[in-house]
Amino acid sequence: MSLPLVQPTNLDGGALHLVPSHVSHDIPMVPSPQDENIDDSDDIYERLSPSRKVIISCILSLCGFLAPISSTTVLSAVPEVASTFNSTGSIINISNAVYMIFMGISPCFWAPLSQVYGRRWISFYSALLFFAASLGTALSPNLAAFFVFRALTAFQGTSFLIVGASCIGDIYRPTERATAMGWFLSGTLIGPALGPFIGGVIVTFRSWRVIFYLQTALGGLATVLVFFFLPETIHYKRSEELVGLSVGDKARKLWQLSSPFRVIKLYRYPNLAAASSALVWNMYSLLTPIRYIINPRFHLTSPIQSGLFYLAPGVGYMTGTFMGGRWADYTVRKWIKIRGGVRVPEDRLRSCIPFLGVIIPGCILVYGWSIEKRVGGIPLPVIILFLQGCAQLFCFPSLNTYCLAGNYMVRYFFGAAGSAVVLPAVENIGVGWFSTISVGFLVLSAVSVYFTTLWGKTWRDKIDERGSSSRMSEKSGSVAK
């Protein structure tokens, strides 16, 4: 699929217009006059051998594993962290919400910079800074330091979610991209589910700080792997446009190319906002309170016991990895045939609608009310957590491939909201009714995605027309003056 690219015509804020791009995974960036010399053919995807692509995908999957696993590893240790800092579980969960807010903000900075300076060095410095911030978290002397280093860890680690996915788009064709994206997402989605289990094991036998020492070691490993084994994958670096400019022009051009507002402006496209964040809201509101919900329900007494429940969605994510991306690619190819060889970006979204609107909501309803009413025993929530985890991997590849950078920003803002409100909400209205609210959010999201498949192109065209008319009016006014 292809997303519109925003193209300023000059350094002084000239008119903008939209051009298509064969690189569908990237956020809108600034094409240059030299872009006409870039090869748009499939040859750009043949630069690396299949085995080299697999190695790159594995490294990126490991790197993409870092920030998400850090977002949940602490969940099994929330009471212990709260005790260390003389705080409460709700306050520590707010630290997790802050973590995800910074996960949402991060792509607005790293994505444009990766277009200017390339994927390799942005990935390297992100891994190095993730390593440093993780060590700072492990050594935090007080709650304020814990919050600050957690936020810094999120800001660095999330770079891999956007830059890693862009690397996948650099080396794989659009019709095979979702399968590779599914493998990449296995790291980003298995992390949140395995994190609490790992944290539960650690905190049962050692201090919660060991969790972050382990995270520091993983960050160091990622730094080494990126430095030695990740080549530059980008097709064209925008930094080449800075050569020969004066200091002032270079500063203006660099801001134009790397401004975080470029990502935020994507939200003038309703079809990008429509493919929204109910999945991450659901994921984090489901995972965050497990120790407070499951332990009393089944009379569990240790962190490791509740941590075992996180393995169910984790195994579901791993299972879905083998099928979700292939299902999305199959759906795209099917609709290309139906349309007589024409590929429409919104067709990719069709693959996730039944899972987003029916299967996942059904699982959440059963999970919430079975816990609330104390029916079904331990096997029922385990099976349900597995099924909804598997179903999520039939949604994420298509949604992420359709709209990447802005998608992450909105998603993690909703994830932050879910983490912050779930425990107080469950304590006040119960897990059953809270799950029902989440189901409503999921169904509304599925409806909005369905509308996007129908009218997404029309929405883009209308907004582009309004933008074009506005720019013509501005230009006419300028001439009149």
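Author: H1 and H6 run roughly antiparallel to each other, because angles over 145 degrees count as such. In this predicted model, helix H1 (residues 50–73) and helix H6 (residues 159–171) pack at about 165 degrees. Their axes lie 9 Å apart. The crossing of H1 and H6 is left-handed. From H1, the contact draws on Lys 53, Ile 56, Ser 57, Leu 60, Cys 63, Gly 64, Leu 66 and Pro 68. H6 supplies Phe 160, Leu 161, Gly 164, Cys 167, Ile 168 and Ile 171. By class, the residues of this H1–H6 contact are 10 nonpolar, three polar and one charged.

Phe 309 sits in the loop between helix H14 (303–308) and helix H15 (311–338). Its relative accessibility is 6%, so Phe 309 counts as buried, the limit being under 20%. Beyond its neighbours within four places in sequence, Phe 309 touches Ile 290, Ile 294, Phe 298 and Leu 300, and also Ile 378, Pro 381, Val 382 and Leu 385. Take Ile 294 from that list. Ile 294 is 15 residues from Phe 309 along the chain, and the two C-alpha atoms are 8.4 Å apart.

Last, a check on helix geometry. Helix H9 covers residues 247–258, which is 12 residues. At 1.5 Å a residue, H9 should span 16 Å. The end C-alpha atoms of H9 are 16 Å apart, so the two values agree. The buried residues of H9 are Lys 253, Gln 256, Leu 257 and Ser 258.

Key:
Residues are numbered from 1 along each chain as its sequence is written. This is a predicted model: local features need pLDDT of at least 70, side-chain atom pairs count only at pLDDT 80 or more; totals for chains, interfaces and linings use all residues. Side-chain values use heavy atoms; hydrogens and water are left out. Helices (H or I, at least four residues) and strands (E, at least two) are DSSP runs, numbered from the N terminus. Buried means under 20% relative accessible area, exposed over 50%, partly exposed in between (1.4 Å probe, protein chains only). Contact means heavy atoms within 4.5 Å. The expected span of a helix is 1.5 Å times one less than its number of residues. Axes are lines fitted to C-alpha atoms, for helices over the stretch in contact, and angles run from 0 to 180 degrees between N-to-C directions. Angles under 35 degrees count as roughly parallel, over 145 as roughly antiparallel, 65 to 115 as roughly perpendicular and the rest as oblique. A crossing is left-handed if the near helix is turned anticlockwise from the far one by less than a right angle, and right-handed if clockwise. Ala, Val, Leu, Ile, Met, Phe, Trp, Tyr, Cys and Pro count as nonpolar, Asp, Glu, Lys and Arg as charged, and the others, Gly among them, as polar.
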